[in-house]
Amino acid sequence: TKAAAGASGKRSPVHRHLLSSDFYVKTCPEVEQLVGSVTSQRHKVAPSAGPATIRLFFHDCFVQGCDASILLAPGSEGKGEAVEREMGENRNLSPVGFDTIDLAKSAVEKKCPGVVSCADILAIAARDFVHLAGGPYYEVKKGRKDSKAPAVNLANKVRFGLPRANSTVNELLTLFAAKGLGPADLVVLSGAHTIGFAHCSHFVGRLYDGGGDPTMNRQLLQSLRLQCPRSGGNADVVAPLDVETPFEFDGKYYEGLGKGMGVLGSDQALWNDPRMRPVVEKMATGGKGSFFAAFAEGMERMGEIQVKQGRSGEIRRDCARHLAN
Ligand code: HEM
Ligand SMILES: [Ca+2]
Ligand SMILES: [Ca+2]
C-alpha cells in the first residue's frame with residue numbers, strides 16, 4: 001500500500017471527491033449486481049473478456065480521461081470523423097471487451113434507463129474481472145459522465161497518450177505523470193499484465209534485434225522465437241504476458257521480471273531500471289496483500305483521470321453512440 005501511496009503523485013484538487021461509491025444508491029441501487037451478472041457469465045464462457053475489458057478501461061482513461069470515449073463506434077463523431085478505436089495502439093483492442101460493455105449496458109438500461117454512464121460501467125466491469133481472475137475486490141467510485149464533445153487533435157492524443165511496448169521507463173514516467181500518476185503507480189498498474197496476452201508484433205524486435213535482447217531469459221527467447229518468426233508470421237499469434245499464470249491475477253508477473261521473463265520491453269524495463277526495481281521487488285516479495293492493496297489504489301487513481309461531470313458530459317443510451325440532441 002505504502003509503495004503506491006508514497007509516490008503516487010499529485011491528485012488534481014479539481015478531481016477530488018467528485019466520485020462516490022454510493023452515487024447510484026437512489027437511481028440504480030442494483031447497478032453493481034446488473035453489471036456483475038454479465039461479467040461473471042462472460043468470465044465463464046469467454047476467458048479473454050476479462051483482460052480485454054481491463055485493457056479497455058486503461059486505454060479509455062489515458063485518452064481524454066475515463067469518459068467512455070474509447071467506446072464510440074466509427075462514424076459516431078460525425079461523417080468521416082475518425083474515432084479512437086481506429087487509431088494506433090487501439091487498433092488491436094479485442095472486440096470481446098467492447099461486446100462485454102455493450103451487454104452490461106443493456107442489462108443496466110433495462111432496469112435503470114438513462115441513468116448509469118458507460119464510463120462507470122467500464123470501471124465496474126474492470127474491477128469485476130480483476131476479482132474474478134483471483135485479484136482484489138475493491139469499491140468502485142462512480143459518477144463519471146460519458147464524453148460529449150469530440151476531442152481536438154484526437155490522433156495526437158492517442159499517439160502520445162498511450163504507452164508502447166518499446167517505450168523507455170523515462171517515457172512511461174512522463175506519460176503517467178501527465179495523468180497525475182507516479183512511479184509506483186507505473187509499476188503497480190503494469191501488474192495488470194499478470195493476465196492476458198500480447199501479439200508478436202509488440203515484442204518481436206526483442207527476439208531478433210542485435211541477436212536478441214540480453215535481458216530476456218534465454219529459454220523464453222528461444223520459445224518465443226519459435227512462435228514469432230522475424231517476419232511473415234501469423235499476425236494472430238499471441239504469447240502470455242505472465243508466462244507462468246496468464247489467467248490468474250497474482251504476483252507471478254513480478255517474480256517473472258526478476259528472472260528475465262517479461263515479454264514486453266516495457267515490462268522487463270521496470271526490473272532493469274534501478275529506480276523501479278525496488279517497487280517490483282516489493283510487489284514480488286510482499287505477497288498478494290501488498291500487490292493487491294496497491295493495485296486497488298492504483299485503479300482508483302487511474303479511474304479519476306479527467307472525470308467529466310454535469311454538463312461537460314452525457315449519459316449515453318448506447319455506449320457506441322452519442323445521445324441524439
Ligand atoms: C505501462 C505501460 C503499458 C504498456 C506499454 C502496455 C502495453 C500493452 C501491450 C503491447 C499489450 C498487448 C496487446 C496485444 O498485443 O493485444 C498489453 C496488454 C494488456 N494490457 Fe497493457 N500496457 C501498459 C499498461 C497497462 C495498464 C496500466 C493496464 C491496466 C491497468 C494494462 C492492461 C493490459 C491487459 C489486461 C492486457 C492483456 C489484454 C488481452 O489479453 O486482451 N496495461 N499491454
Ligand atoms: Ca477516454
Ligand atoms: Ca498471473
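UniProt positions are given in the numbering used here, and the annotations may be inferred rather than shown by experiment. The legends below describe a predicted model.

**Figure 1. The whole protein chain.** The chain folds into 14 helices and four strands. Its radius of gyration is 19 Å, close to the 20 Å that the globule rule gives for 325 residues, so the chain is as compact as a globular protein of that length. Along its principal axes, the C-alpha trace spans about 55 × 45 × 40 Å. Of the 325 residues, 43% count as buried. Among contacts with a separation of 6 or more, 79% join residues 24 or more positions apart.

Figure 2. UniProt (unreviewed entry) lists residues 18–323 as "domain: Plant heme peroxidase family profile".

**Figure 3. The shell around ligand 1.** The ligand is surrounded by 26 residues. The closest are Pro51, Ala192, Gly196, Ala198 and His199. By class, the shell has 14 nonpolar, 10 polar and two charged residues. Helix H3 (49–62), helix H8 (183–190) and strand E2 (197–199) each supply at least two residues. H3 gives the most, with five residues.

**Figure 4. His193, an annotated binding site.** The UniProt annotation "binding site" (unreviewed entry) covers His193. This residue sits in the loop between H8 and E2. His193 counts as buried because 25 other C-beta atoms lie within 10 Å, and the cut-off is 20 or more. Leaving aside neighbours within four places in sequence, His193 is in contact with Leu241, Asp242, Tyr253 and Asp267.

**Figure 5. Gly196, in the loop between H8 and E2**. Gly196 is among the residues closest to ligand 1. With 20 other C-beta atoms within 10 Å, Gly196 is buried. Beyond its neighbours within four places in sequence, Gly196 is in contact with Pro51, Arg55, Leu241 and Pro246. Pro51 is also listed among the residues closest to the ligand. Gly196 and Glu248 are 52 residues apart in sequence, and their C-alpha atoms are 9.2 Å apart in space.

**Figure 6. Helix H8, a mostly covered element**. Seven of the eight residues of H8 are buried. They are Pro183, Ala184, Asp185, Leu186, Val187, Val188 and Ser190. H8 also supplies at least two residues to the shell around ligand 1.

**Figure 7. The nonpolar cores.** In soluble globular proteins, nonpolar side chains tend to be buried together. Here the largest nonpolar core has 70 residues. Val35, Ile121, Leu122, Ala125, Val187 and Val280 touch the most other members. Helix H5 (residues 118–132) gives the most to this core, with 10 residues. A second, separate core has seven residues, including Leu207, Leu224, Cys228 and Val263.

**Figure 8. Leu122 and its contacts.** Leu122 belongs to the largest nonpolar core. Not counting residues up to four places away in sequence, Leu122 touches Leu56, Phe57, Asp60, Ala68 and Ile101.

**Figure 9. Ala294, in helix H14 (residues 287–302)**. Ala294 counts as buried, with 28 C-beta neighbours inside 10 Å. Lys259 is 35 residues away from Ala294 along the chain. The C-alpha atoms of Ala294 and Lys259 are separated by 22 Å.

How values were computed:
Residues are numbered from 1 along each chain as its sequence is written. Chains are lettered from A and ligands numbered from 1 in the order in which they are written. This is a predicted model: local features need pLDDT of at least 70, side-chain atom pairs count only at pLDDT 80 or more; totals for chains, interfaces and linings use all residues. A residue is near a molecule or strand if its C-beta atom, placed from the backbone, lies within 6 Å of it. Ala, Val, Leu, Ile, Met, Phe, Trp, Tyr, Cys and Pro count as nonpolar, Asp, Glu, Lys and Arg as charged, and the others, Gly among them, as polar. A residue is buried if 20 or more other C-beta atoms lie within 10 Å of its own, exposed if 12 or fewer, and partly exposed in between; C-beta atoms are placed from the backbone. Two residues are in contact if their C-beta atoms, placed from the backbone, lie within 7 Å. A nonpolar core is a set of buried Ala, Val, Leu, Ile, Met, Phe, Trp, Tyr and Cys residues joined through C-beta atoms within 7 Å. The radius of gyration is taken over C-alpha atoms; the globule rule is 2.2 Å times the number of residues to the power 0.38.
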